[in-house]
Amino acid sequence: LSDRLDQQRPIDDGDRSTLNSLREAYVSWQQQADAPWAIDIGRLQLRNGPAFGFNPTDYFRRGSLRTLTTADPIALRENRLGTVVLRAQKLWADGAFSLALAPKLDDAPSTGSFSLDLGSTNAQDRVLATWSQRLSERVSGQLLWLGERGQAPQFGASGTALFGDAVVAFAEWSGGRRDDTFAALTGRNVGARWRNQLAAGATVSLPGQVAVTFEFDHNGAAPSHADWLAAAGNAPAALGQYLGQAAFAQDSASRRAWMLYATKKALFVSSLDATALLRRNQDDGSWFAWVELRHHWRSADLALQWQRAQGNRASEYGLIPGKQSLQLVGTWFF
């Protein structure tokens with residue numbers, strides 16, 4: 001059982017100051033054998049993909065965030081709602097195969113303070129098959145297939161490779177026929193076609209408990225720069241709608257982007273960590289920066305977060321209402 005209660009001040013218009021997120025609530029059974037079966041039922045966080053900022057193969061990410069108190073992509077994956085599923089897994093020494101069935105339980109998302117919000121995580125019938133395999137001591141991979149009622153299947157693959165003792169390279173890809181959401185918002189109907197999504201990069205571990213990750217993201221379902229500029233002139237309201245839908249789906253809103261993510265453990269004292277993030281839309285040149293200092297105690301954290309967005313008025317990050325903010329976040333664990 002994992003639950004999160006957020007109390008926020010101040011809040012934007014239309015938001016709630018109190019939001020409860022039942023992240024996980026499930027029971028599990030595992031067979032006692034060398035190559036056992038395992039069964040899970042309930043609300044689980046099914047997280048797939050080794051990338052940091054954008055995870056094309058993380059198929060159950062859509063609608064799973066009830067509140068945003070950080071820009072850290074690692075924390076966002078942990079904070080989100082799980083999906084109600086029945087999952088069966090076959091496990092062996094160097095791999096696993098799983099089949100997860102996620103039924104439709106509600107039609108629309110809920111903004112109620114203590115809602116289970118099943119309309120965000122279980123708004124359609126889905127099935128996800130996943131095969132994970134360790135190919136060697138340094139290389140591992142995963143293949144995925146997603147079936148969704150009324151939609152074309154999606155195919156995914158990901159892998160990680162260790163180079164030396166300090167560099168881990170990663171890549172993940174997803175492809176399938178998808179509708180053009182941006183075209184529909186701007187009044188065009190171009191129909192479904194095959195679209196690819198890709199994230200690739202590497203993490204380097206440096207002396208002094210420093211880790212730096214560089215990642216490149218490509219989202220074939222995002223608008224081209226020409227389409228974006230055309231919409232800025234003809235249908236500017238559609239740009240804000242599109243960015244809202246991309247945030248809800250946890251998609252990369254840009255066609256091409258890159259990200260730099262760095263962490264430093266034990267900054268000055270052992271209980272203080274620093275994290276920094278920089279994202280850049282390669283098409284329009286806009287960028288977003290975020291820095292956090294987090295102090296840890298045994299049952300609490302206190303974080304000071306600063307962020308800034310920069311870009312022209314028709315760019316991805318130029319459309320963010322608050323260009324700069326400072327936020328204090330306290331977290332208690334029990």
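Reader: To begin with, which element gives the most to the lining of the second largest pocket?

Author: Happy to take you through it, with the reminder that this is a predicted model. The answer is α5, which gives five residues to the lining of the second largest pocket. That pocket has a volume of about 840 Å³. The elements that give two or more residues to its lining are α2 (118–121), β7 (139–148), β9 (167–178) and α5 (236–249). In total 30 residues line the pocket, and those nearest its centre are R62, E148, R178, A249 and D251. Sorted by class, the lining of this pocket holds eleven nonpolar, ten polar and nine charged residues.

The largest cavity holds about 80 Å³ of space. Around the largest cavity you will find P223, S224, H225 and W228, then A253, S254 and R255, and finally N281, D283 and D284. Its lining is made up of three nonpolar, four polar and three charged residues.

The second largest cavity has about 60 Å³ of space. Its lining takes in R4 and S21, the residues S64, L65, R66, T67 and T69, and also N79, R80 and L81. Here the classes come out as two nonpolar, five polar and three charged residues.

Methods
Residues numbered from 1 in each chain as written. Predicted model: local features only at pLDDT ≥ 70, side-chain atom pairs only at ≥ 80, totals over all residues. Heavy atoms only, no water. 1 Å grid on protein atoms, 1.4 Å probe; cavity = no way out; pocket = protein on both sides within 12 Å on 5 of 7 lines; lining within 4 Å. Points joined across faces, edges and corners; volume = space filled by probe spheres on them. Nonpolar A, V, L, I, M, F, W, Y, C, P; charged D, E, K, R; others polar. Helix = DSSP H or I, 4+ residues; strand = E, 2+ residues; numbered from the N terminus.
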